[in-house]
Amino acid sequence: MGGMTVVVVFDFDRTIINDDSDRWVVTEMGLTPLFNQLRSTMPWTSLMDRMMGELHSQGISTNDIAECLKRALLHPNIISAIKSAHTLGCDLRVISDANLFSIHTILEHHGVLGCFSQVYTNPAFVDSEGRLRITPFHDSTLSPHACRLCPSNMCKGLVIDQIRGSLPENTRFIYIGDGTGDYCPTLKLEGGDFVMPRKKYPLWNRICSDPKLVDAKVHDWSSGEELESILLNLINKLAIAPVSRGS
């Protein structure tokens, strides 16, 4: 790409997959009543950790959870978009408020895990009893991030800043997402960057409510087909764009 680094950042839930992976497990595994009962009493990550504890106590293995996750819908055009972007030399990353177990399981199942250089999400591990544990991405006891837009366990904007800081000056970002949590990182993007909000979803609504706040160029999408054609078109544009800072 003529010495330019193009970083394509994907949100995961309702972006790479069509569902929310956490809610998918809750619904498929029959945990909805308990989930609804506890929903307002604890932070989301703690709630999901509690749900995994519940599954473990019912004798449901991490293998069963993985099999359930593999049934979540992933549009074939999104799979090919990921593979093409990777082949074209882009640096692909996931920033998601889901968890590492769900994301790794699904991406691996669809043969695209190796396309991503990094996944930033809430850590997940299997403890000595075979129970899946989910912990927050940012340890709030250690250093709560100062972002008013984001949940306490994850500020995606902070991650964008870290990625930008670790890469050369002329790096360009393409950010693809749908939710409220994707608004903060969108505000961190610069004039040479692109944001691809999913149409009629919370991120798109926020951007539309005050477009002047967003420096990046906005290209919305509705379907897997649209995501693929817009993304490849933008990568193509960047590949032939002059590399001056202000372009």
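Let us begin with Ile16. Setting aside neighbours within four places in sequence, Ile16 is in contact with Phe10, Asp11, Leu74, Ile78, Ile82, Val94, Leu107 and Phe116, where contact means heavy atoms within 4.5 Å. The model before you is predicted, so local features need pLDDT of at least 70 and side-chain atom pairs count only at pLDDT 80 or more, while totals for chains, interfaces and linings use all residues. Residues are numbered from 1 along each chain as its sequence is written, and side-chain values use heavy atoms, with hydrogens and water left out.

Ile16 also belongs to the largest nonpolar core, which has 58 residues. A nonpolar core is a set of buried Ala, Val, Leu, Ile, Met, Phe, Trp, Tyr and Cys residues joined through side-chain atoms within 4.5 Å. Buried means under 20% relative accessible area, exposed over 50%, and partly exposed in between, with a 1.4 Å probe and protein chains only. The residues with the most contacts inside this core are Val8, Phe10, Ile16, Ile65, Ile174 and Leu231. A second, separate core of 18 residues includes Phe173, Tyr175, Ile207 and Ala216. In soluble globular proteins, nonpolar side chains tend to be buried together.

I turn now to helix H4, residues 62–69. Helices (H or I, at least four residues) and strands (E, at least two) are DSSP runs, numbered from the N terminus. Which residues of H4 are buried? They are Thr62, Ile65, Ala66, Cys68 and Leu69. Seen down the helix axis, these buried residues fall within an arc of 160 degrees, so they line one face of H4; the arc is that of the directions from the axis to the C-beta atoms. They pack against H1, helix H3 (44–57), helix H6 (100–109), strand E4 (124–126) and strand E5 (132–134).

Finally, two residues deserve a word on their backbone. Most residues other than glycine have a negative phi. Arg14, however, has a positive phi, near 60 degrees. Arg14 lies in the loop between strand E1 (6–10) and H1, and is partly exposed, with a relative accessible area of 29%. Lys200, likewise not a glycine, has a positive phi of about 70 degrees. Its place is in the loop between strand E7 (194–197) and helix H9 (202–209). Is Lys200 buried or exposed? At 61% relative accessibility, Lys200 counts as exposed.
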